[in-house]
Amino acid sequence: MRRLSKRQAIFLPDEWNIIEEGFHPEKNFMLETIFTVANGYLGLRGNLDEDFPDKSQSFKATYINGFYEEYDITYPEGGYGFAKRGEAMVNVADVKTFEIIIDGEKFTLFNGKINKYVRKLDMRNGRLVREIIWEFNSSKKIYIIFERLACLKRQHLGAINIRIKPLNFSGRIKIVSKIDGNSSNLLETEDVRVGSGIEKFPFETIKAYCDKLNGFLMQKTKKSRLSYGCMVDHGLSIKEFFCKSFVDKEKNLVTFEIEFDAKQNMEYSLTKYFSYFTQRDVEEDLIEELCAAEILEAKKIGFENLLKEQREFLETFWENADVVVKGDPKIQQAIRFSLFSLLQSTGRNGISNIAAKGLTGEGYGGHYFWDSEIYIMPFFIYTHPEIARMLLIHRYNLLDAARQRAEELHHRGALYPWRTIAGKECSAYFPAGTAQYHINADIVYAIKKYFEATDDLDFIKNYGAEIVFESARFYADLGHFSEEKDGKFCIFCVTGPDEYTALVDNNAYTNYMVQMNLEFAARLYSLLKETDKEAFERLCNKLKLSDEEIELWKKIANNMYLPYNAKLKIIPQDDSFIYKKRFDLSKIPEDQFPLLLHWHYLDIYRYQICKQPDVLLLIYLLREKFSYEDLKNNYEYYEPITTHDSSLSSAIFSILAVELNLLEKAYEYFRYTARMDLDDLNDNTKDGIHAACMGGAWQAVVFGFGGMRTGNGLLSFSPRLPKNIDYISFKVKYKGCTIKGEITKNKAIYTLLAGEAILLSHYSQTFELKSGQAKEFVIET
Ligand code: BGC
């Protein structure tokens with residue numbers, strides 16, 4: 001196992017907080033990502049409140065989930081059907097930077113002396129707090145606290161509270177607060193995974209005004225032609241102050257200069273409230289009015305009550321979602337950080353999803369990938385199914401765009417884009433983009449798992465079934481029965497999950513997952529036919545579905561080509577994979593990883609090298625289809641050639657290693673997954689969190705050490721803990737019940753916290769739990 005032990009974190013090992021003690025400017029870039037506060041809609045990157053002078057080590061950003069600018073994708077040698085217009089999450093106006101001038105001296109940590117510096121992301125209370133004692137002009141000391149929120153209950157609202165107290169002097173304080181509409185995105189960078197083709201300044205300012213402490217800025221993107229508005233207002237605890245506010249529309253700036261006399265040992269507080277709405281959420285002409293209403297309400301409620309709301313929201317969140325891991329506080333911290341970050345990243349309004357980097361940075365252009373369905377969705381399905389539902393509704397809302405894309409590529413049905421925001425295919429490199437046709441089946445898989453866990457037939461009738469049918473139709477059209485493969489249904493020229501192998505025939509993952517899609521489609525067709533005539537007819541009419549087409553899907557599913565190599569006793573990743581030369585990864589110098597930044601793709605494609613699990617992911621997802629021997633043989637075959645160059649890799653290896661009783665290995669993979677961003681293990685946390693990896697961390701606890709499986713409609717557990725973990729507990733929701741699992745090295749306790757009764761299994765021993773009941777089992781070691 002390579003590259004799994006690495007650097008030390010700078011954070012204290014606190015279980016509920018991420019704490020930076022002492023100022024670490026050398027880590028600024030990465031810390032900006034970690035200290036983001038977001039609420040699934042609005043994301044405030046963790047930039048310093050007083051700004052960071054070295055722009056090569058800082059990226060100031062505020063994002064709105066799903067709000068994007070378009071750009072033209074240009075190819076010197078293009079081709080038919082290549083993605084032509086990209087969408088990238090656009091960096092909107094900044095409201096979180098202040099200039100603070102104390103007795104004529106500008107507050108900056110690069111001058112004077114820092115007597116105290118603590119920055120804390122408080123995951124129980126949903127706030128970022130910075131506490132500083134700064135000494136300047138030789139001896140003057142001032143105490144400053146900044147507190148920043150992205151309101152979880154009011155997604156269009158955020159607030160920053162600044163409290164200032166001169167400790168050993170009295171003097172004049174000036175705070176300059178702004179709406180700064182000059183934000184821009186990172187343009188192309190050396191790392192192909194970061195930067196977009198968006199214009200340097202992608203906005204037109206269409207409105208800007210201010211009135212004392214209140215101001216508004218409205219901008220429109222130049223290409224996507226989408227408007228957003230940002231309104232701010234300030235609340236002060238100070239009776240006598242002087243305020244000058246002014247607008248410079250040319251400079252896209254609304255400025256407020258607030259000045260007051262501060263007395264020694266007195267505390268002065270200023271709260272800035274801000275609200276954002278976009279034309280993606282509401283009609284353009286309502287933006288200003290809605291911002292104003294939000295701000296008015298916020299001022300009425302006040303900062304303390306907004307904090308109280310955060311606490312209440314998070315109490316419910318943690319009540320459902322918390323995972324306790326005893327044995328290593330750094331792991332406990334990391335797992336909570338992962339779950340908190342997932343909450344912060346996830347769109348809940350049906351028009352947004354989870355970007356690969358959440359709302360924290362510029363990596364991957366703010367695009368949504370299969371990361372959402374395969375890596376992150378399980379966490380929501382089993383802890384907050386109502387959020388999983390909204391994520392799937394978002395996919396439903398992109399179905400028309402997916403139909404158009406299928407048509408453009410001369411196929412029937414619908415083809416989802418590999419990466420997108422509003423529905424367009426945004427991948428400019430089709431071998432690892434459009435060719436990943438498995439994206440459809442990944443979405444279907446999530447729908448299937450959601451439905452099995454919730455029995456939400458209403459969702460299936462109104463949204464889910466249509467996606468499943470259109471996807472089945474697409475796949476039936478994509479492949480064909482090949483005579484030379486004994487008449488089996490084959491799918492040619494696709495890329496599976498492993499992006500170090502591209503454009504192959506019969507990728508096993510794709511074929512199996514397509515089979516699952518077709519079978520599920522046929523099952524839903526019968527279910528609707530039998531249980532809901534109205535919904536059945538509506539869908540049949542809309543999609544022109546017939547019994548014949550369903551018969552064809554069944555025939556394809558029954559005759560799908562499912563590769564197996566009897567000599568090696570493994571599933572070959574695709575038709576050509578096992579004939580390629582195997583690469584001894586230990587021969588590659590460490591500085592060559594990730595290979596995609598140092599090797600030409602053609603070079604990589606020529607070898608048996610995997611960026612991430614492909615066959616092994618398949619075995620994990622469709623576990624009930626494979627034997628223990630299949631798992632073992634394939635694990636032994638694929639593990640040595642996997643680089644884990646994708647952060648999506650190690651969680652899956654961890655989960656499967658538990659089943660193979662390779663517990664220490666499982667722990668190493670898990671630790672790597674859980675600490676990915678806090679320890680910056682891939683050296684790119686500065687570009688944003690690894691959201692899929694965080695979803696993987698949850699799966700590694702619940703499906704890995706908890707051994708949970710959901711195949712065959714029964715919730716089963718085969719728990720096992722490694723040496724470094726003494727105890728885990730988690731909760732899952734399944735068919736209206738809430739089950740708590742508590743695992744130690746030698747026993748497991750299952751409690752039914754909500755619901756009438758449920759049938760569970762512990763290492764193949766089936767048992768029933770009634771409401772409130774707990775049962776304990778011994779774990780054989
Ligand atoms: C992985 C993909 C993933 C993407 C976004 C790539 O490095 O190979 O599987 O979807 O990152 O996270």
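1. Let's start with how the chain folds back on itself. Of the contacts in the protein with a separation of 6 or more, 67% are between residues 24 or more positions apart; contact here means heavy atoms within 4.5 Å.

2. A word on what you're looking at. This is a predicted model, where local features need pLDDT of at least 70 and side-chain atom pairs count only at pLDDT 80 or more, while totals for chains, interfaces and linings use all residues. Residues are numbered from 1 along each chain as its sequence is written, and side-chain values use heavy atoms, with hydrogens and water left out.

3. Now the overall build. The protein has 18 helices and 30 strands, which are DSSP runs numbered from the N terminus (helices are H or I, at least four residues; strands are E, at least two). The radius of gyration is 27 Å, close to the 28 Å from the globule rule for 781 residues, so the protein is as compact as a globular protein of that length. That radius is taken over C-alpha atoms, and the rule is 2.2 Å times the number of residues to the power 0.38. The C-alpha trace spans about 85 × 55 × 55 Å along its principal axes.

4. What about inside and outside? Buried residues are 64% of the 781; buried means under 20% relative accessible area, exposed over 50%, and partly exposed in between (1.4 Å probe, protein chains only). The protein exposes about 28,300 Å², with carbon and sulfur atoms supplying 49% of it. These areas come from the Shrake-Rupley method with a 1.4 Å probe, and for residues only the protein chains shown count as cover.

5. Residues 19–280 are 3% helix and 53% strand, with end C-alpha atoms 36 Å apart. For residues 336–699 the figures are 51% helix and 3% strand, and the end C-alpha atoms lie 13 Å apart.

6. Take a look at Gly-350, in the loop between helix H4 (329–345) and helix H5 (371–383). Gly-350 is buried, at 2% relative accessible area. Leaving aside neighbours within four places in sequence, Gly-350 is in contact with Met-390, Ile-393, His-394 and Asn-397.

7. Next, His-384, which sits in the loop between H5 and helix H6 (385–397). His-384 is buried too, with a relative accessible area of 6%. Not counting residues up to four places away in sequence, His-384 touches Thr-316, Phe-317, Asn-320, Ala-321 and Phe-379.

8. The loop holding His-644 runs between helix H15 (628–638) and helix H16 (650–659), and at 4% relative accessibility His-644 counts as buried.

9. Last, a cis peptide bond joins Phe-593 and Pro-594, with omega about -5°. Pro-594 belongs to the loop between strand S22 (581–582) and helix H13 (601–605).
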